[in-house]
Amino acid sequence: MLVLGIETSCDDTAAAVLLGGQTILANVVSSQDEIHGAYGGVVPELASRQHIRKILPIIDGALGKAGVTLKDLGGIAVTHGPGLVGSLLVGLSVAKGMAFRWGIPYVGVNHLEAHLLAIHLEHEVPFPYIALLASGGHTLLYCVQDIGEYLYLGGTRDDAAGEAYDKVAKMMGLGYPGGRVIDSLAKSGDPKAIRFPRARLKKSPYDFSFSGIKTSVLQYLKSQDPQAWKSRVPDIAASFQEAVVDMLITPTISAAVLHKVNRIVLAGGVAANSRLREKINESAAAKNLQVYFPSAKFCTDNAAMIALTGYHWISRGRRNDFTLNADAGLTL
Ligand code: KG4
Ligand code: ZN
């Protein structure tokens, strides 16, 4: 079965074509980073307008690349939440229109579920596994027991990990989104240069908190002469990153050990982080745990993961009717 995936939950307009739930025939993403960069974060109204401009050319591009037409599709999978409501409505409306016109079954996909399953685009990972989903909007820890069976273990009490990256990058004038820039600057910095605090919630060992580190970096910058800290940006980036990475790894490893699950899967934009990958591999190896990472393009928002998730639900007989609405606060 050929499935067209559509993703417009935030600031990436994406379409993908997947064959048999496994073979990616096309995966096209149009990023809006340049548009939002000037504001240091996503501006919802600009995001929806850009999705409107891009969605049809991106879908056409994906179908063309895959060498298929709408008539060949066995299903359409579209993100219907969570995300920015105006952005979600663009993808959902287009999916409904195509499904109605061509009589194609369509399903709404939960964006979080798609991140948790993205690993299956490239790796055969048996269930169960502990999944850390760290992105710009979410930091969540789940035990993924099967498709559709997600045991919530914990999540952030305040900012998401990616949001902390983006806000710290903004404080230092490094542009948006901040994760990739900080990751790259940190390579030439000393992670032990500044000791930023690692928040740990003793009563909820699987929960996270990133607002404290953000404030600590801000206080550090304010306490220094601007010329002095500007010459130390790689050290600040590396020290901040080391703290975030530690705060992500500790609950993830203890969840795997305590639940006796020896596989860990990383997901979401922050899972593309080079230091997180390196350090979790070391910590996991010491406990005989296996870690799986999607390629960077499947960590960040993409439509291949939406097509994959939709494929599984369509194959199990799920269908949505045309009353399905966008749900900005959809949970798993
Ligand atoms: O999954 P994603 O594309 O979108 C959301 O669903 O939020 O994640 C985007 C987030 C941004 O906050 C970005 O700064 C962060 O992922 N990110 C990174 C890296 N690449 C992207 N954070 C740390 N290191 C990276 N290499
Ligand atoms: Zn995402």
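A pocket is defined on a 1 Å grid over the protein atoms alone as an open set of points with protein on both sides within 12 Å along at least five of seven lines. A molecule sits in a pocket if more than half of its atoms lie within 2 Å of its grid points. Ligand 1 sits in the largest pocket.

The structure is a predicted model, in which local features need pLDDT of at least 70, side-chain atom pairs count only at pLDDT 80 or more, and totals for chains, interfaces and linings use all residues. Residues are numbered from 1 along each chain as its sequence is written, and side-chain values use heavy atoms, with hydrogens and water left out.

Ligand 1 is surrounded by 21 residues, a residue being counted if one of its heavy atoms lies within 4 Å. The closest are Gly136, Asp166, Gly179, Asp183 and Asn273. Five residues of this shell are nonpolar, twelve polar and four charged; here Ala, Val, Leu, Ile, Met, Phe, Trp, Tyr, Cys and Pro count as nonpolar, Asp, Glu, Lys and Arg as charged, and the others, Gly among them, as polar. At least two shell residues come from each of α4 (111-117), α5 (161-171) and α6 (178-186), and α6 gives the most, with four. Helices (H or I, at least four residues) and strands (E, at least two) are DSSP runs, numbered from the N terminus.

Polar contacts, pairs of N or O atoms within 3.5 Å, are listed below.

| Residue | Protein atom | Ligand 1 atom | Distance |
|---|---|---|---|
| Glycine 137 | backbone N or O | oxygen | 3.3 Å |
| Glycine 269 | polar backbone | oxygen | 3.0 Å |
| Asparagine 273 | polar side-chain | nitrogen | 3.0 Å |

The protein covers 90% of the 560 Å² of accessible area that ligand 1 has on its own, by the Shrake-Rupley method with a 1.4 Å probe.

**Backbone features**

One runs from glycine 81 to proline 82, with omega near -10°, and proline 82 lies in the loop between β4 (75-81) and α3 (85-102). The other joins phenylalanine 127 and proline 128, with omega about -5°; proline 128 lies in the loop between α4 and β6 (129-134).

Lysine 260, although not a glycine, has a positive phi of about 55°, and its place is in the loop between α9 (233-258) and β9. Lysine 260 is exposed, with a relative accessible area of 77%, where exposed means over 50% and buried under 20% (1.4 Å probe, protein chains only). Valine 265, in strand β9 (residues 263-267), is buried at 0%.

Terms used. Chains lettered and ligands numbered in written order. Polar contact = N/O pair within 3.5 Å; in protein donor to acceptor, adjacent residues only side chain to side chain. 1 Å grid on protein atoms, 1.4 Å probe; cavity = no way out; pocket = protein on both sides within 12 Å on 5 of 7 lines; lining within 4 Å.
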